[in-house]
Amino acid sequence: MSESIHVDVAVLGGGPGGYTAAFRAADLGLSVCLIESSETLGGVCVNEGCIPSKTILHATSMITEAQHAQSMGVSFGKVEVDIAAMRSHKVATVEGLTSGIDKLAKARGIQRIKGTGVFKTKRSLQVTGDRGTSVVNYDHAIIATGSQPIDLPGMPKHQRIWDSTDALDLTSIPSRLLIIGGGIIGLEMAQVYASLGSNITIVESAEQLVPAADKDVIQPLQKSIKKRYDILTRTKVVDMVVEDDGVVVTMEGKKIKGNQTFDAVLVAVGRRPNTTTINLGALDISLDSNHRIPVDDTMQTSLPGIYAIGDIVEGPMLAHKATHEGKVAAEAIAGIRMSTKPTLIPSVAYTSPEIAWVGLTEKEAKEQAIEYDLGKVPWLVSGRAQSVGASNGMTKALFDKKTGVLLGASICGENAGELIHEAVIAMTLGSRAKDIAHTVHAHPTLSETFAFAAELVEGSMTDMLPPRKR
């Protein structure tokens with residue numbers, strides 16, 4: 001079957017950014033066609049990433065919580081894990097969300113075409129799917145094609161060698177699991193499989209885990225996992241050979257040089273934007289050095305009427321960044337500049353303890369020669385952290401030395417991913433150390449540690465010794 005349609009806005013990609021852009025454009029009265037190759041909307045985040053990973057992380061974290069409770073006098077007996085039931089819960093969670101997204105699309109009258117779209121001209125897309133080829137003519141287009149995992153050069157294809165999607169399938173629990181990449185995805189999957197009984201080895205080429213974060217911020221996490229995982233930083237995998245009894249991996253680094261055999265290998269070295277298969281040549285749009293599409297502060301590309309959002313543009317590959325950018329693009333197309341390209345994007349690692357940061361890290365401030373005052377608070381001073389057994393944590397905040405305005409914050413500890421948003425709002429409002437320090441925080445709470453960091457800088461901290469006067 002072949003058909004041709006015309007819409008105000010064509011959205012290529014149905015992930016968090018794409019479907020949000022489509023929904024916002026429809027809400028603003030525009031006719032919309034949403035093109036997605038998968039059966040369900042939601043993209044990698046809902047189907048293969050954020051949602052399934054957090055579902056499984058929560059399930060496996062209860063194993064650790066049960067063990068932790070014993071130190072507080074609460075015992076549940078031997079913990080038993082039903083992998084099939086856990087997998088079914090994950091599937092049900094994803095299906096519930098994708099079903100909801102589909103209903104929202106239908107309720108908005110959005111035309112949805114299942115298929116692979118490529119640009120045919122500057123104002124048309126050709127979509128090929130199970131039902132044939134369609135041509136979508138549009139006045140505006142939003143490109144939201146997302147990203148895919150990076151493969152290592154020469155990496156063999158085998159069921160023992162996983163990407164993050166494979167790891168979330170929970171088809172087997174390897175006795176020996178190697179994780180290549182000590183970033184957020186690698187550490188989250190390490191936590192899942194360690195809880196399920198795997199012996200974990202993490203290889204990271206950089207000097208530290210989570211290279212984007214400050215080294216002192218990840219120390220509480222490092223302290224928590226160093227006895228449970230074999231962590232090899234400044235180490236590279238140079239070869240992998242699949243044999244009958246496992247994957248023989250050759251590594252080179254400061255602590256190791258030689259071969260080890262693993263039952264499975266998870267490759268989590270990052271993702272690359274999906275920009276090379278959609279025929280951007282038809283639009284005369286050039287990519288940057290990272291194969292991403294340059295955009296302005298409304299997410300418009302160099303070609304008027306064509307917008308790009310999410311993982312295919314500059315910035316961290318995060319769903320919440322993509323959703324905001326989707327609204328920016330849709331509103332720009334509708335002629336209302338209510339939003340702008342996001343500059344404050346919080347990052348969260350859902351490890352135990354969690355790590356979260358926003359704005360400038362301390363190492364970025366030093367690299368940029370920005371003068372700052374630092375408030376750093378160990379969670380040992382927090383009554384709430386002590387009472388719930390979460391004293392292995394730290395909060396730090398950087399303030400402009402001249403103005404006192406908050407430049408960035410980092411937290412490592414229980415619920416850091418929730419706590420960081422106080423800093424996000426404070427930075428959005430241009431808050432100073434004095435503003436935060438004089439804001440009354442409930443006691444005892446973990447959020448008090450953010451106020452403590454400001455108090456240290458402002459000079460009113462009483463739960464720690466004051467900074468030594470210079």
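This is a predicted model: local features need pLDDT of at least 70, side-chain atom pairs count only at pLDDT 80 or more; totals for chains, interfaces and linings use all residues.
Q: Which strands form the open sheet, and in what order?
A: There are 5 strands, ordered β18-β19-β22-β21-β20, and the pairing is antiparallel.

Q: Which ones stand at the edges?
A: β18 (347-349) and β20 do. Each has a single partner strand, so one side of each lacks a neighbour in the sheet.

Q: And how much twist from one strand to the next?
A: It averages 10°.

Q: How many bridges join β19 to β22?
A: Strand β19 (residues 354-359) and β22 are joined by 6 bridges and run antiparallel. Within β22, Gly408 stands opposite Gly359.

Q: What does α11 touch on the sheet?
A: α11 packs on it with contacts to β18, β19 and β22. The direction of α11 makes about 10° with that of β19.

Q: And α13, which strands does that one touch?
A: α13 also packs on the sheet, touching β20, β21 and β22. Its direction makes about 135° with that of β20.

Q: What comes just after α13?
A: Gly459, with a positive phi of about 95°.

Q: Changing topic: how many aromatic pairs does the structure hold?
A: It holds 3. One of them is Tyr19 with Phe23, a tilted pair at 5.3 Å centre to centre with 50° between the planes.

Q: Where do Tyr19 and Phe23 lie?
A: Both are in helix α1 (residues 16-27), 4 residues apart, about one turn of the helix. An α-helix has 3.6 residues a turn, so residues three or four places apart point the same way.

Q: Is Tyr19 buried or exposed?
A: Buried: its relative accessible area is 17%, and the cut-off is under 20%. Phe23 counts as buried too, at 7%.

Q: What about Phe119 and Tyr138, how are those rings arranged?
A: They form an edge-to-face pair, 6.4 Å centre to centre, with 85° between the planes. The pair links distant parts of the chain, 19 residues apart: Phe119 is in strand β4 (residues 116-121) and Tyr138 in strand β6 (residues 132-143).

Q: Are Phe119 and Tyr138 buried or exposed?
A: Both are buried.

Key: Residues are numbered from 1 along each chain as its sequence is written. Side-chain values use heavy atoms; hydrogens and water are left out. Helices (H or I, at least four residues) and strands (E, at least two) are DSSP runs, numbered from the N terminus. Two strands pair if DSSP finds at least two bridges between them. Axes are lines fitted to C-alpha atoms, for helices over the stretch in contact, and angles run from 0 to 180 degrees between N-to-C directions. Contact means heavy atoms within 4.5 Å. Rings of Phe, Tyr and Trp (its six-membered ring) pair if their centres lie within 6.5 Å; planes under 30 degrees apart count as stacked, over 60 as edge-to-face and the rest as tilted. Buried means under 20% relative accessible area, exposed over 50%, partly exposed in between (1.4 Å probe, protein chains only).
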